[in-house]
Amino acid sequence: MSRTSAQVGVALLLLTVMPALATEPGHVQSWLAKPIVGDTLPLAEVQRFCYQRVPVMGTYSSADAWQTEADRLRKAVLEKIVFRGDAVKWRDAAVRVQWLDTIPGGPGYHIKKFRYEALPGLWIPALLYEPDKLAGKVPAILNVNGHSREPGKAYVPKQLRCINQAKRGMLAMNVEWLGMGQLDGPGYSHAAMNQIDLCGSSGLAPFYLAMSRALDVLLNLENTDPSRVAVTGLSGGGWQTIVISSLDTRVKLSTPVAGYSSFRTRAYHLKDLGDSEQTPNDLATIVDYTHLTAMMAPRPTLVIMNSKDDCCFESGYGLASLIDAARPIFKFFGRENALRSHVNDDPGTHNYEVDNRQAFYRMVGDFFYKGDSTFNAKEIPSDDEVKSKQDLSVPIPPDSESFNTLAMKLCQSLPRDADLPADKQAAAAWQTARRAKLSQIVHAPNYNVQAIDSGSETKDGLKATFWRLQMGGDWTVPAVEITPAQPKQTAILVADAGRNSVAADAARLLDAGYRVLAVDPFYFGESKISARDYLFAIFVCGVGQRPLGLQASQVAAIARWAEKQGQGPVSLVAIGPRSSTYALVAAAIEPKAIARVEVHDPLGSLKEAIQQNWLMSDKPELFCFGLLQSFDIRQIAALVAPRPLAVVSPSQRAKTELSPLAPWFEQLGGKIDLGQ
C-alpha cells in the first residue's frame, strides 16, 4: 500500500468528523430506518441455522455397537468440551474436603456441614444428611439444585427430598450450585463462565467438576454402596443430573426433573433455550441431549417432566424425543423397564413437589431396594423439620474463586506469542500465518453474496437502494446503499446501535464523496433476534459457530461483493466497541477487498470483558472461545497493516494499547492514526 493511499485513509478520518454537513441527515435517517427484512426473519434464520446443525441419533445393530459409540461420545465430550485448556490441570489437581459442624436434623438423622473444592480454590458448600444408625453399605444420593437463586440448597422441596432419603436409611448429599444460594454473586453468574472460554479454557469445567468432586466425596464415605449411587435434581439440577450421569458411569441411577430437552426441540420451543452451561461451545457438534439420555443405558433412568411447566421442558413437546431415542438402546440391553418417564399434572408447573418426589422414591425402591417389601415410596411428612437458609449455611473462604477470578488469572499471561516481528519480511510471514489462525479461531465461514434488490428511492441528488444480501443460504443481511451523483469509493458503515443510528456518520461520508453501504450484520440493528437473542447467540456457539466469526464474515463478504460491483476501494467504518471488534476481525481476514478501516471508540483490549466482568448475555460476540489465547485487539489490528487504520475517539487504554503499532504500520508502508 503506497504512502499516498495511507494518507487517503487519514483523509477519511478527517472528513467523517467534520461538523458542517451539506447532506441533510433527516432524509438519510428515513432511508436507514426503512424495514428491509422485518422482525421475524432473523429469528427464523437462526432457528433453522441451529436446528440443522444438531446431530441426530444414528441407528445401531447391537448393544456392543452402541456401547462402542457411547464410549467414543463420552470420551469426545470430556476431552473436547469439558476439559479444554487449563481445565485439564483443574481436573488433575488434588482436591481438599473439609468437614465442619454437625447440626441436629430430625427424628432418625443429623446433618453434617462440609465444603469441598470443585477445583483448586473454588469451594462448594454442602450438606450430608446422614441416618443416626448406619450399618453396612447403603444407597447414596447426590441432590443437585437448579436456579433457586435465593434459597439455593435450602430450597424447601430439596430439603424434604434429602430428609426423606435419610429417614429411609440413605446417605443424602445436598450441594450448592454455582451462582445460587451461598454462591450467588456477580462473579458466579452463569453468563460469566464465558470469560473463561475467551481465555481458551472450558467455562463448563467448574460446573462439571463441582458434580464430579461431590461424587468423589460421596463414594469415599465409609457406608456408601458404590452399586447404589444416584443423582437427581430439578431444572438446572435436572441438567446437572443428565450431564454427570451420562458422562460418569459411577452414577447407577438417574432422575432428572424438568432439566433438559433435545437441542432440536429447543430451536423452536424458545423457553427451553439454555444458559451458557447448558449450551456450551461445540457440544452440539458431538452430541444432542438425546444421545446423553441414551448413554444412560442400561443404568436405570427416570425422566420427569411437568405437563403445564411455566418455565421450560414441558412434557407435551419435550419428553417424547428423549425417550424415543433411548428406548431402542435400553432394549438392546434387555432393560426396557429401566428407562421410565413420569409426567406431573398436579400442580403440573415447574416443580419437584410431592408427586415428583414419590416418583423418584418409587424408582429408588424398584432398583436399589428390589425385593424389600418394607420399602414404602410414600413421602414421610417432614415439613416441621425444614430449616432456614441461615441454619444450613456453610462457611466458605472469602477469597474463594469464581468464574471471574479464574478468568482474571488465566488472562494475565495472554495472548501467547504476542510480540510482533520487527523484521519486514518476518512480519509478512507472521501476518499470513496469523490471518489463517484468526479465521480458524472465529470459525469464519466464506460467504458469497446473492443480492436481492428490494426497491430504491431518489431525493436531492442521492439514490437509496435497499438490499437483502443473502449469504450461503443461512443469513439475509439488510443493507441500505446510498449513492451520491459521482461516488469515488465505497464505505461500509456498521454500528453497535444498528444502521438506524448512523445518519450523521452516513451524511459525512456522503459529503466526502463516498457511496455508503449501511449494514446490520448478525445480532445487530434489524438483524437483532426478536426473542431470547443472547440465548440464540449461545446456541450458535453450541453448534460450532461463533457470533464474532459470523459478523466478521458477513462484513467481509459484503466488501467482496461491493468491490466486484466496481464500487471502488472499500472502506470499513465501525461505530462502537463491539462493531469495531468484528470490523477489525473482518479486515484482518479479508486483506484484499477491505482497503481502509476506521473504528470509533474501540476496545483497547479484550481483557476489558474480564476486568469489567462483562457477561455473555450483554456482548456475546466478545466471548469467542480461545480468542484471547492468541489475539488481543493489538494483534488483530496488526493484521490490518499496511492498509490505513484510523482510530476515532479512542479511550486512554486504547491509545496505550494501540500506539505501539505505529512503527509496525510504518515498516509495512501503512499508517495507524490515533487521532481525537
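Biologist: In which helix is Ala-503 found?

Modeller: Ala-503 belongs to helix 16, which covers residues 503-511; helices (H or I, at least four residues) and strands (E, at least two) are DSSP runs, numbered from the N terminus. This is a predicted model, in which local features need pLDDT of at least 70 and side-chain atom pairs count only at pLDDT 80 or more, while totals for chains, interfaces and linings use all residues. Residues are numbered from 1 along each chain as its sequence is written, and side-chain values use heavy atoms, with hydrogens and water left out.

Biologist: Does Ala-503 count as buried or exposed, and which residues does Ala-503 touch?

Modeller: Ala-503 counts as buried because its relative accessibility is 7%, where buried means under 20% relative accessible area, exposed over 50%, and partly exposed in between (1.4 Å probe, protein chains only). Leaving aside residues up to four places away in sequence, Ala-503 touches Pro-25, Val-28, Gln-29 and Leu-32, contact being heavy atoms within 4.5 Å. Asn-281, by comparison, lies 222 residues from Ala-503 in sequence and 37 Å from it in space, C-alpha to C-alpha.

Biologist: What share of the contacts in the protein with a separation of 6 or more comes from residues 24 or more positions apart?

Modeller: Such pairs account for 77% of those contacts, and buried residues make up 62% of the 676 residues in the protein.

Biologist: How many helices and strands does the protein have, and what is its radius of gyration?

Modeller: The secondary structure comes to 24 helices and 18 strands. The radius of gyration (over C-alpha atoms) is 28 Å, close to the 26 Å that the globule rule gives for 676 residues, so the protein is as compact as a globular protein of that length; the rule itself is 2.2 Å times the number of residues to the power 0.38. Along its principal axes, the C-alpha trace spans about 90 × 45 × 45 Å.

Biologist: How should I read the pairing of strand 1 with strand 2?

Modeller: Strands of a sheet pair through backbone hydrogen bonds, either parallel or antiparallel, and here two strands count as paired if DSSP finds at least two bridges between them. Strand 1 (residues 97-106) and strand 2 run antiparallel and are joined by seven bridges, with Val-97 having Tyr-116 of strand 2 as its bridge partner. The two strands form a hairpin with two residues between them, and Gly-108 in the turn has a positive phi of about 95°.

Biologist: Where does strand 2 go from there, and how many bridges does it make with strand 3?

Modeller: Strand 2 pairs with strand 3 (residues 122-131) in the antiparallel sense over ten bridges, and Arg-115 stands opposite Pro-125 in strand 3. This pair also forms a hairpin with two residues between its strands, where Gly-121 in the turn has a positive phi of about 90°. Strand 2 itself (residues 109-119) is mostly covered, since ten of its eleven residues are buried.

Biologist: In what order do the nine strands of the open sheet stand, and which strands stand at its edges?

Modeller: The order is 10-11-12-14-13-15-16-17-18, and the pairing is mixed. Strand 10 (449-459) and strand 18 (672-673) stand at the edges with a single partner strand each, so one side of each is left without a neighbour in the sheet. Strand 13 (residues 489-495) and strand 15 (residues 570-575) run parallel and are joined by six bridges; the bridge partner of Thr-490 in strand 15 is Val-570.
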